[in-house]
Structures are given as structure tokens and as C-alpha cells.
Amino acid sequence: MPISVFDLFKVGVGPSSSHTVGPMQAACNFVAELEARELVEHTRRIEVELYGSLSATGIGHGTDHAVIMGLMGERPDQIDPDVIVPRIEALKSSGSLLLASRHDVAFDWQHDMRLLEESLPQHPNAMRLLAHGDDGELYSNTYYSVGGGFVIDETQAEEGQLDTDHTEIPYDFQTGDELLRMCHEHGLRISELMLENEKAWRSEAEIREGLLTIWAAMQACIKKGMEAEGVLPGGLNVKRRARNLHQRMLASKDDHSLIASTMSAMDWVNLYALAVNEENAAGGRMVTAPTNGAAGIIPAVLQYYMQFRQGACERDVVDFLLAAAAVGVLCKKNASISGAEVGCQGEVGSACSMAAAGLTEVMGGSVDQVENAAEIGLEHNLGLTCDPVGGLVQVPCIERNAIASVKAINAAQMALRGDGQHFISLDKVIRTMRDTGADMQEKYKETSKGGLAVSAIEC
């Protein structure tokens, strides 16, 4: 399956790519099937069944709301986040759902929104949608949100498909070793190879424009996150910190402490990551990169580069995102970017690895150094569990993005100080992430039934 950079970087809404963006898209796909079968006007009632991780942490991740919005015809890349709560409240009050934005059907929230503890065999993020008519069931389908907003249905899952896109690309690498070999054989940098692959879908001008649009959305998210204040929704009463941190940084003078005098750039990196993930936790508009739970890392590192690197330009943005995407493709194809499947190593670990690769690329690193940086970034996130407190993408998720952003910069620096040769390859680390995820107990994979999620309750 070819994976585009625009598959990995998508504009959506918070707080989760797998629990919010994916389910909304799945519901949109379900409505499209109803439209194709001319069943919308014949539908009288809709049922939603959430399974596994979508059930366990679905309320905290807004899965229930996202599915309803998708059924109403809203798309994750176009919806205004501010309309979600009012429309859900209106639905609960009226018991009527506007299917496909035009046809009223009955929907009893207590009866028709079902959270089931069981898991389906294909993937822990599963949901089933059912449309009923006057004489019974009209159409149903099961969908799996496999991470990063990617969605497959039952037929695709049974056939082992991740997507229906069979576009032929010039450099169809499956492993890091193949990527390096192709780059060396054809004299291409990683960003250049990815650009050639992207041309199978769209023109170079469209690619560059699209990536700059993604970057603009990232910047807008950072800006909004730095301006907002108050308490994040969900009940944990987590206070936003980015705005106050930004104000203190603007007002502060050098106090001659080690951190302030020699590591002030770290404060900015932390600020950008916190801003993005606080905005994500609030259900705002942001970019899946490659997931929502890890959405702050790539924007923070890229903004750090653009702010502190003299001569940084839009071309660097494009090269950064293309190189980062190459690593995301490898993680997606050979392991997973889903926290429900392999834990947070698949989300924050992959994003850290991608950011390290992107930064090394624009800092002039060789192909081997870029691979080395990606390996360092991922290796030191192995075993990271996904244990969100209260099922919310807040604790430890927000701070975890800040820590991983700094780690990505350090990984790039270490790789740039070397010659690209190292002991463990990126391929081996990705396989280890996959195997570690398989060995990890389910309670540590986005169920909020273990780890910090339980410790916080005990305290």
C-alpha cells in the first residue's frame, strides 16, 4: 500500500486521531454507502456500537460525539469544532439525528449509543454502525480506526487491506534499508525521493502548496494554544499552561541560571508542544502528525527550526515534512502508529522519530544521518505505554509531547555529530516496537485500565 505524506499529515480535530478523527471519517464513509445504495430516505433509526478501546476511552476521547458528527455529514478536516457540543446537546434533547445533513432519523442516546466491553478480532479500535428502516435492518458495516485517522471496513480488514489506493510510485520502499539503498543508487536525498513518490498523486506545485497549508494549520494551532487560557474539558481540571508560560518568557530577563542562560531554546520547544496538545485536548483544530495524541512534536520541532535557524525558508518546511513522512511510512507499514495497538511508543515514539529525521534533513544531514536520527528518536521511546488518566488526552499526553520534542532535537544533534554509522538500524527498532507492542498487556494500550491511569485514581 502506498502511503502519501498527506495521509500522515491531515487537518482534523482533537483530541484523538484514532478515537475522534477516525470514527468521524468512518461515519462519513457509512453515510456515503447509504447514499450510494439510496437508503438515506428509507432510514428510520441509527445504532452505534463501540468496541474495545473505542468503548473503554471513547467518552474521554470524544468518540461518541465524533461518530454523530460524521453521521450528520461533517468531515474531520472541515468541521468547525465549536459546533460539536451544541449540536450534540440539541440531539440529546430532541432525540432526532439529521442523517447526511438532510434526513431526520430517531436516535435515543441511552439506547442507540452502545459502549461494549468486548473487543473485535481485527483491531482494538472497532465500531459498528447500523441503519434500520420500517422493516428492520437496511445496512450495517464494521469499521476499524487503525491509527492516525486511517479507517478500514470489515471487508478490507478480512482481506488484510489497509487502503484501497493501489497507485504505483517510483520508489516503493518497504523498509529503511530499501529507502537508503534507493537514495544512494539514485543520488537522492530522502525528501527528494519522497517528493518523486508524491508526484504519482499530484503535481509538485500542489505538493508544495499542500504541505505549506499543513504548516499553516500547525502554526495556527500553536498560536491559538498560546492565547487560550482556562481549564481543559473532561473533569480532571487540568489548567492550560502555554499562555502563562509564553507571557513569562516574553517578560523574563536573564536570571543567570543554567536553564535560562544557556537553554532558553528548550523553553520555546516546550511552549510550542504544550500549546498544540492543550488545543488538541480541548477538541480544537489541529494536524494529525501522525496522530493527535502526538500532534505537538513535529510542529514544535519545526517551529523551533524556523525560529532559530538563520535563513530558514518555506522550502525547508517542505523538505522537513517530506523526510519526516518517510519515517512515518516505515512505522505505519512495519509496526503501528496506534496507541491502542502498540502503546504510546507507536504515537509519541513515531512522531519523535519523524521529527528527528525531518530536522536532520533540513540541517544538511546525509541520508545515513537522517536514518540514524530517526533510529535514536524511536529507540529511546520503546516500551512507552498509553495510559491516559480518565481516558482523556491530557495526562501524561501533553507533557509527553514536550519531552519527546526536546528528545527529537537531541537525536538529530547526536546523528549530525556522527557519520551515520550505528549499531542498531531503524528497521530493527521498528520491528522491536512492533514486538514490544504485541507483548504489552492490553491494560497499557489506551484502555485507561493500568499504569498512570490507575495510579492517579489510587492517589
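The legends below describe several close-up views of one predicted model.

Local features are reported where pLDDT is at least 70, side-chain atom pairs count only at pLDDT 80 or more, and totals for chains, interfaces and linings use all residues. Residues are numbered from 1 along each chain as its sequence is written, and side-chain values use heavy atoms, with hydrogens and water left out.

**View 1. The annotated segment, residues 4-155, is listed by UniProt as "domain: Serine dehydratase beta chain".**
The entry is unreviewed; UniProt positions are given in the numbering used here, feature names are shortened, and annotations may be inferred rather than shown by experiment. Over residues 4-155 the chain is 39% helix and 31% strand. The end C-alpha atoms of this segment are 22 Å apart. Helices (H or I, at least four residues) and strands (E, at least two) are DSSP runs, numbered from the N terminus.

**View 2. Strand 3 and strand 4 form a hairpin with three residues between the strands.**
Strand 3 covers residues 96-99 and runs antiparallel to strand 4, to which four bridges join it. Two strands pair if DSSP finds at least two bridges between them. In the hairpin, alanine 100 takes a positive phi near 55 degrees. In a regular strand the side chains alternate between the two faces of the sheet. Strand 4 (residues 103-106) has His103 and Val105 on a covered face, and Asp104 and Ala106 on an uncovered one.

**View 3. Helix 11 spans residues 204-227.**
This helix has 24 residues and reaches 35 Å from its first C-alpha to its last, close to the 34 Å expected at 1.5 Å a residue. The expected span is 1.5 Å times one less than the number of residues. Buried residues of helix 11 include Ile207, Leu211, Ile214, Trp215, Met218 and Ile222. Here, buried means under 20% relative accessible area, exposed over 50%, and partly exposed in between (1.4 Å probe, protein chains only).

**View 4. Salt bridges join charged side chains, with 25 found in a search of the whole structure.**
A salt bridge is a side-chain nitrogen of Lys or Arg within 4 Å of a carboxyl oxygen of Asp or Glu. Side chains of opposite charge can pair when their charged atoms come close. Aspartate 77 meets arginine 75 at 3.5 Å, N to O; aspartate 77 is partly exposed at 35% relative accessible area, and arginine 75 is partly exposed at 34%. Glutamate 198 meets arginine 202 at 3.1 Å, N to O. Glutamate 198 is buried at 1%, whereas arginine 202 is partly exposed at 26%. Glu196, Lys199, Glu204 and Arg208 are linked in a network of salt bridges.

**View 5. Arginine 315 and aspartate 319 form a salt bridge, with their closest N and O atoms 3.9 Å apart.**
Both residues belong to helix 16 (residues 314-334), where they are four residues apart and so separated by about one helical turn. An α-helix has 3.6 residues a turn, so residues three or four places apart point the same way. Aspartate 319 is buried, at 16% relative accessibility.

**View 6. Threonine 288 lies in strand 9 (residues 285-288).**
Threonine 288 is buried, with a relative accessible area of 0%. Its side chain joins that of asparagine 292 in a polar contact of 2.7 Å. A polar contact is a pair of N or O atoms within 3.5 Å; within protein, one must be able to donate a hydrogen and the other to accept it, and residues adjacent in sequence count only if both atoms are side-chain atoms. Leaving aside neighbours within four places in sequence, threonine 288 is in contact (heavy atoms within 4.5 Å) with Leu8, Phe9, Lys10, Ser17, Val21 and Gly148.

Most residues other than glycine have a negative phi, and most peptide bonds are trans.
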